[in-house]
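Here is my note on the model you sent. Please read it with the coordinates open.

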Amino acid sequence: MKPISEYDFREIVGKFVIITNDFIKRKYNTPQIAYCYIDPEAGISFRGLGLYKEGNIEIFDNEVVISRYDETISLDFFNSPTYEMKNIAKDIDNNIPEWLITLRNKTEFDKYRSKAFPDDVLIPVRHITEDKRLVQEWLWVRKKKKKKDILTGLTIEDGKDIPKGSLVIIKDIMMNGYDFMSITYELFEYYGG
């Protein structure tokens, strides 16, 4: 088993894994078999499917066990999922919009991504304040929707001048050394949208 920090998200998402962390060790005293996926709101997640004891699986009956990314996780790949496990994975994957999967595959975002929350990016956000000052801050933005060629997101932290929950439009540009830039909806409107 290797620490989760040694994996890129693309190596583990969509895979069945043998997982352990401090919580699993305390509660079960044995690793779990889990399916790794990205929850758009909670980041890298593991849907526990059963306990892994000496090569055998004790399937969880009516228990839903979700583990979230944490530095105590160690994992290895599990290559023999049952039919039922594959169906659970399919149900999880079917709830992810296609546009979000496409964005996850865009390596241009990688240097801006959170390790635990690959859908979140740390990018410059431009904004017009109420007193008409143009400001820019580096903020964490969660991608929310893509319609045609417009990608929108929300700031997920407060900046000095830009509040948490600000709607932003994300553009892929090469300007001032940045690959991506975002502007708040207020700035978009100010310039006549």
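The points below cover the overall build first, then charge pairing.

1. Basis. This is a predicted model: local features need pLDDT of at least 70, side-chain atom pairs count only at pLDDT 80 or more, and totals for chains, interfaces and linings use all residues. Residues are numbered from 1 along each chain as its sequence is written, and side-chain values use heavy atoms, with hydrogens and water left out.

2. Build. The protein has 5 helices and 12 strands (DSSP runs: H or I of at least four residues, E of at least two, numbered from the N terminus). Its C-alpha trace spans about 65 × 30 × 30 Å along the principal axes. Of 193 residues, 42% are buried (under 20% relative accessible area; exposed is over 50%, partly exposed in between; 1.4 Å probe, protein chains only).

3. Salt bridges. There are 13 (a side-chain nitrogen of Lys or Arg within 4 Å of a carboxyl oxygen of Asp or Glu).

4. Asp110 and Arg10. Their side chains form a salt bridge at 2.8 Å, N to O. Asp110 sits in the loop between helix H4 and strand S8, and Arg10 in helix H1, so the pair ties together parts 100 residues apart in sequence. Asp110 is partly exposed, at 27%.

5. Glu41 and Lys144. This salt bridge has an N to O distance of 2.7 Å. Glu41 lies in the loop between strands S3 and S4, and Lys144 in strand S9, so parts 103 residues apart in sequence are tied together. Shared partners also link salt bridges of Asp8, Arg10, Asp110 and Arg113 into one network.
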